[in-house]
Amino acid sequence: MIDPDLISVGITLKLATITTLVLFVLATPLTWWIARTTHISRYLLEPIVALPIVLPPTVLGFYLLLLFSPNNEFGQLWATIFGRPLAFSFEALVIGSVIYSLPFYVQPLQVAFENVRQELLDAAATLGAGPIDRFITIVCPLSRRGFIVAATLAFAHTVGEFGIVLMIGGNIPDETRVLSIALFDHVETLQYQRAHLLAAGLLTFSFITLFLVYFSNRTRQSPPFRRGIE
Amino acid sequence: MKQTRQPPVRRSLGLVLLLTSLLTVPLTLKSDTLQIAVAANFRPTLLRVITALERQSPHRYKIIAGSTGTLYAQIVNGAPYDVFLAADDARPRLLEEARLIEPGSRRTYAVGQLALWWPGSKGALSRDSLVNLRGTLAIANPDIAPYGRAAMEVISSSGAHDYRLITGVNVAQVYHFIASGNANAGFVALSLIRDAAPANNTFWVVDQNLYSAIEQQSVILKSSQLATDFDRFLRNETTWKLLAKDGYHVPGNPAGGVSE
């Protein structure tokens, strides 16, 4: 019999990994577009991306729950396609986490993208490199550190997520009971010893993660963190 | 406009002063204010009780609502509450064992009634109808909430088998799960659906003999005349009428010597 807390740790790591991968695929092009566009809609998109930083997670959870409900088109469509309702499933947590951690992925990466010098891209273009070629061979290597920071923060932020999961998770032991929920349950049932174990673990994990982010930032002044044109 | 051009240092100084003054507000609370920590499910009823009480008392009553477990943890760690109205009898008992309450003040102030709410049900509901339930069934976390524990007792004796059980932190969340259409049915406190007044055939007040009683107990944490008066008011006719209206059973015998 595996300790239920270990199962929660497993669910949490799985959730954070998948969330980070989804963000990598979906949010990278979005970030590039925000960083490079001069279109006015940028000023609408930037605050939208940043919203999860300011909003209480309960606001997101509240609306997500309404969205997931079979009472509306989206929830109904999902239930028809996948044969079961979306709320209280692992997939629901992934959707919630992607939205919740979006700014933590986009913002560091945006800084990195903005610091890629336009001349390099122009030069590559004159040599015949297409946009995708330029992105992969120039932008990605130059923004390597931005990617690392973005992915680390998105991952760590998802691990620490609580409010949204509390509202859309349903606390199902082997599917949606993540670490923070298990911790909450221990506190509520007065199992402070177990709560300490999880809390201390989470604290250590968070500190080490942030330490690594800041430390790597400090030691290597790589291009994304220096202004491109002096 | 002029304000926005202030140097940032002065602005942040202003902010600090504002925050400091906000933080010190609780210190200036008058001593004739009673601080009542209450389990969130009882808050609406307590507000009505307080309204009735304030008609005959000049004092102020401050309500701090939270989950019973959270409030318990705060009390153990020295939270300055005068009275604690829990949603169960376990936490008040623990406080009594830890000698954190006024001796002899632990009493049942209300008995909760469990109700099954099933918006899409067909025909009159009973325990036997649970066998036909397909889909998501929501209950409050049985480890945390007394209503969840009671619900679990009913479910396990009902023969229901083809459902997906999800748990909310408390009955209010269970209510929200059902109201938003994400759960097909669920067990809530009768007090919650009294307000919503759902169609007659969609809810069932569970027979009291199908689950062990949900005794909500109160304790006095810091004795004072004000606390004693409140405690007494909690057990008088006016309060009992409000309790009954909100879907609670009135505890024990009326003479004040309320059963445990």
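I looked up the end of helix 3 of chain B: just after this helix, B:Gly78 takes a positive phi of about 90 degrees. Helices here are DSSP runs of H or I with at least four residues, strands are runs of E with at least two, and both are numbered from the N terminus.

The model is predicted, so local features need pLDDT of at least 70 and side-chain atom pairs pLDDT 80 or more, while totals for chains, interfaces and linings use all residues. Residues are numbered from 1 along each chain as its sequence is written, and chains are lettered from A and ligands numbered from 1 in the order in which they are written.

Next I checked helix 3 (residues 68-76) of chain B for burial. B:Thr68, B:Gly69, B:Leu71, B:Tyr72 and B:Ile75 are buried (20 or more other C-beta atoms within 10 Å of the residue's own, C-beta atoms being placed from the backbone). They lie on the same side of helix 3 of chain B because they cover an arc of only 165 degrees around the axis, taken from the directions from the helix axis to the C-beta atoms.

I then asked what covers these buried residues. The cover includes helix 10 of chain A, and strand 1, strand 2, strand 3 (83-85) and helix 4 (90-97) of chain B.

I followed the two chains further. In chain A, 18 residues are in contact with 14 residues of chain B (C-beta atoms, placed from the backbone, within 7 Å). Helix 3 (57-68) and helix 10 (179-188) of chain A each supply at least two residues of that side of chain A.

Last, I noted that strand 1 (residues 33-39) and strand 2 (residues 60-66) of chain B pair in the parallel sense over seven bridges (pairing needs at least two DSSP bridges). B:Ile36 stands opposite B:Ile63 in strand 2 of chain B.

Methods. Two residues are in contact if their C-beta atoms, placed from the backbone, lie within 7 Å. A residue is buried if 20 or more other C-beta atoms lie within 10 Å of its own, exposed if 12 or fewer, and partly exposed in between; C-beta atoms are placed from the backbone.
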